[in-house]
Amino acid sequence: MRHYDEIGLLTPSERTDSKHRLYSEADLRTLQQIQSLKAIGLPLGQIRAVLHSPGHDPRRVIEEHIRVLEEELERQRALLERLKRLDVCGASWSDLLEVIRMSEKVDRMLETARRVGEEPKFNDEQKKYLEERRVSVGEARIKEVEQEWPRLMSEVLREMEAGTPATDPRVLELARRWRGLVAEFTGGRQDIGSTLNESYQRNMTPEMQAMWSYIGEAMRALDGAKGA
């Protein structure tokens, strides 16, 4: 109550000679309104604006609050996904900070690609096949793969920035995982893989292009090892 008085949200109607606050029935009704608005998550500053300006449209106030909450939920969701992707087993603080930096960098790359990119242009037969494959794979595995992609890209980016040769065994293993995830989506169909590649090439940032070239070199090394 004292805080509400200090910020001008609920000023008592009267005070005693010793400066104690005296609240009227109208003040208590206002307090009840404040508590109700707090219960739906409105901040005190917005509550003050609503109570002091009766002309506020309740619908617009709620719509704006919904928008703010949705943005906050999206930020929290992104943070949660990033934390889930972190592999900190046996890591030092410097290792952890580097993992976080790479994760943030990949998230920015993916967000840029989503913002400016186009959806792959699959034909009707390919769309039907992919939908059937989605059902057969299951939503649980799809979510696992969606979390695995940024984690894998972070590892590739870390090796690339460290100057690790694309033929290094660590990078070759990353290339195998990369191919495995693509194959899990395409079911091994080359036509769908080609459509994906074309879409990725159109949507890539320069950093993604560099990473794509790096992992592509590792894949060619894998192919060469098979043919040897």
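**A note on salt bridges and a surface patch**

1. Let's start in helix α4. The side chains of R67 and E64 meet in a salt bridge, with 2.5 Å from N to O. The two residues lie 3 apart in helix α4, so about one helical turn separates them. R67 is partly exposed, at 37% relative accessible area, and E64 is also partly exposed, at 35%. Please keep in mind that this is a predicted model.

2. Helix α4, which covers residues 58–85, also holds I62. Together with I40 and I66, I62 makes a nonpolar surface patch of about 230 Å². I62 itself counts as partly exposed because its relative accessibility is 36%, between the 20% and 50% cut-offs.

3. R189 and E125 form a salt bridge whose closest N and O atoms are 2.8 Å apart. R189 sits in the loop between α8 (169–186) and α9 (190–203), while E125 belongs to helix α6 (residues 124–137), and 64 residues separate the pair. E125 is partly exposed, with 45% relative accessibility.

4. D223 and R179 join their side chains in a salt bridge of 2.8 Å, N to O. D223 is partly exposed at 37%, and R179 is partly exposed at 29%.

5. A network of salt bridges links E148, R151, E155 and R177.

Terms used: Residues are numbered from 1 along each chain as its sequence is written. This is a predicted model: local features need pLDDT of at least 70, side-chain atom pairs count only at pLDDT 80 or more; totals for chains, interfaces and linings use all residues. Side-chain values use heavy atoms; hydrogens and water are left out. Patches are made of residues with over 30% relative accessible area and no salt bridge: like charges are joined within 9 Å, nonpolar side chains (Val, Leu, Ile, Met, Phe, Trp, Tyr) within 5 Å. Accessible areas come from the Shrake-Rupley method with a 1.4 Å probe; for residues, only the protein chains shown count as cover. A salt bridge is a side-chain nitrogen of Lys or Arg within 4 Å of a carboxyl oxygen of Asp or Glu. Helices (H or I, at least four residues) and strands (E, at least two) are DSSP runs, numbered from the N terminus. Buried means under 20% relative accessible area, exposed over 50%, partly exposed in between (1.4 Å probe, protein chains only).
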